[in-house]
Amino acid sequence: EPPPVTKHIVMLPFMAQGHLIPFIELAHKILNHNPTFTITIANTPLNINYLRSAIANHPSPPSQLHLKPLPFTSSDHHLPPNCENTDGLSLSQVIKLFHASAALETPFRRFISDVVSGEGIPPVCIISDIFMGWANRVAQSFGIVNYSFTTGGAYGTAAYCLIWMHLPHRNLANGGTHNEFPVPGFPESCRFTISQLHQYLQAADGEDEWSRFFQPQISFSLQSNGWLCNTVEEIETLGLEVLRNYIKLPVWCIGPLLPLKMLKNNLGPGIISPRSGKRPGIQPEECIEWLDSHPTRSVIYISFGSQNTISETQMMELAKGLEESKKPFIWVIRPPIGFDIKGDFRPEWLPSGFKDRIGKQGLVVHNWAPQLEILCHRSTGAFLSHCGWNSVMEGLSQGIPLIGWPLAAEQGYNAKMLMEDIGVCVVLAQGVHSRIAKEEVSRVINVVLDKSEGGKGEIMRRKAKELGELIRASIEIDKGSSYIMINDFLTSVLSGVK
Ligand code: UDP
């Protein structure tokens, strides 16, 4: 019998951990759904190394998943050598990396040209990150279908795109950070505030280097054949309505892009294969053992994602607030803003004697934690998060309410939606300039972890549990909305509809 004809999909993630991880999960999801596909993920050499070890960590690495390094020299773009990922970069470097990512167009085009001209299997489609909008232009020039993938949620993505494209806050008469403004495409009653915008967007005028990157990339992505969104239809009604009205393209909600082990109740918590190729500051086993010794839903987990950190004064107040709250915590710490984020951690960034005093109350993890194992553990009761979308989906899938401290990108919109529309989040602070007081940290933690019946903590937990159930149900074979959407998406891919 001849082997089944393989259909080739080429993927192009943006060069950041929070993008590489969902792309790899998407590749697994597609291959799980239909093993006759072949997938090639293209990226810069160092990111390919990350991906290679992430794939090797997978419980059953699929043989149909390939990696294609695209030549890239960061020093050609005024970046330090070997700088290919937002991980560990300052904001001024991040924007250089964004602009540098567009330089991948030439090697990517060459790669597609090679596969199309017989050195490989011509792709049935290209799935590119919405930040790599130019890939759509490449796909079109070869007559290949292009889908844009947003690793964010629908609401966050819609707000991100609409605000970058229209810069609606520029019309405000005086720029106080609490000034409210409407965003075209969102209901008039749904007001945004300046403080929810990242600092570079607050100052954007359409001519600045951030606008000059995002506006064209979003415009290119609007010309693709459809968008994939890392969300679940049932949890984001408003966001999806706004997104679909805006882009006027099909949107397939194919989330959650999480390891199956997290989503199948009967598998329970425990060790989950790492997905990032990064070495954690603590072994997952050790983390689990620490969590085992705490009561159910009693621990607060604090993490600002893969690339962010807070200011020195905020770090100090957060530490004091955690201590004052008397609640057990796991805190992923990195050097504060203004210091080398990958450098050594100095004790003076924490209150003197902090580690000795907290003893068993807290686990301080340097740089990178086994986040999934922590969120899946029964002892974890709240997640103080920057509201990066992967973290949000990971926490909600386990029914964990959030304390929001958005720092960049679309995180402010995610936090707003989670607080105002869904009621699973309390926003503690916004950005790196937000003043926070230890009393407020301690108060919010106590509210969210509070177990009294009818209290705010319990209401949030109930809501988070409901969402967790919706997220888990969405992957159910033949029935769940995400299962149906991925099926529908792959049917479109196979039919070659443009
Ligand atoms: N992550 C992790 N350990 C850490 C910090 C982050 O495993 O200490 C993972 C986290 O589980 C998530 C991703 O890195 O999958 C971060 O993505 P997110 O969208 O939350 O934030 P970003 O890093 O893009 O700001």
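## Ligand shell, sheet and helices

Helix α15 gives the most residues to the shell around the ligand, with 4. The model described here is predicted.

**The ligand shell.** The ligand is surrounded by 20 residues. G18, G305, S306, G388 and S391 are the closest of them. What kinds of residue make up the shell? It divides into 12 polar, 7 nonpolar and 1 charged.

**The sheet.** Now look at the strands. An open sheet is built from 6 strands, in the order β12-β11-β10-β13-β14-β15. Their pairing is parallel.

Strands of a sheet pair through backbone hydrogen bonds, and the pairing can be parallel or antiparallel. Take one pair from this sheet. Strand β10 covers residues 299-303 and strand β13 covers residues 380-385. The two pair in the parallel sense over 5 bridges. Within β13, A382 stands opposite I300.

**Helices on the sheet.** Two helices meet these strands. Helix α16 lies across β14 (402-404) and β15. Helix α17 packs on the sheet and touches β10, β13, β14 and β15. The table gives a direction for each helix.

| Helix | Residues | Angle to a strand |
|---|---|---|
| α16 | residues 411-422 | about 125° to β15 |
| α17 | residues 438-449 | about 140° to β13 |

**Two helices together.** Helix α17 also meets another helix, α12 (residues 312-325). Their axes come within 7 Å and cross at roughly 45°. This makes α12 oblique to α17. Is the crossing left-handed or right-handed? α12 passes α17 in a right-handed crossing.

Which residues meet here? From α12 come E317, L318, K320, G321, L322, E324 and S325. From α17 come K438, V441, S442, I445 and N446. By class, this contact of α12 with α17 has 4 nonpolar, 4 polar and 4 charged residues.

Note on methods
Residues are numbered from 1 along each chain as its sequence is written. This is a predicted model: local features need pLDDT of at least 70, side-chain atom pairs count only at pLDDT 80 or more; totals for chains, interfaces and linings use all residues. Two strands pair if DSSP finds at least two bridges between them. Two residues are in contact if their C-beta atoms, placed from the backbone, lie within 7 Å. Axes are lines fitted to C-alpha atoms, for helices over the stretch in contact, and angles run from 0 to 180 degrees between N-to-C directions. A residue is near a molecule or strand if its C-beta atom, placed from the backbone, lies within 6 Å of it. Ala, Val, Leu, Ile, Met, Phe, Trp, Tyr, Cys and Pro count as nonpolar, Asp, Glu, Lys and Arg as charged, and the others, Gly among them, as polar. Angles under 35 degrees count as roughly parallel, over 145 as roughly antiparallel, 65 to 115 as roughly perpendicular and the rest as oblique. A crossing is left-handed if the near helix is turned anticlockwise from the far one by less than a right angle, and right-handed if clockwise.
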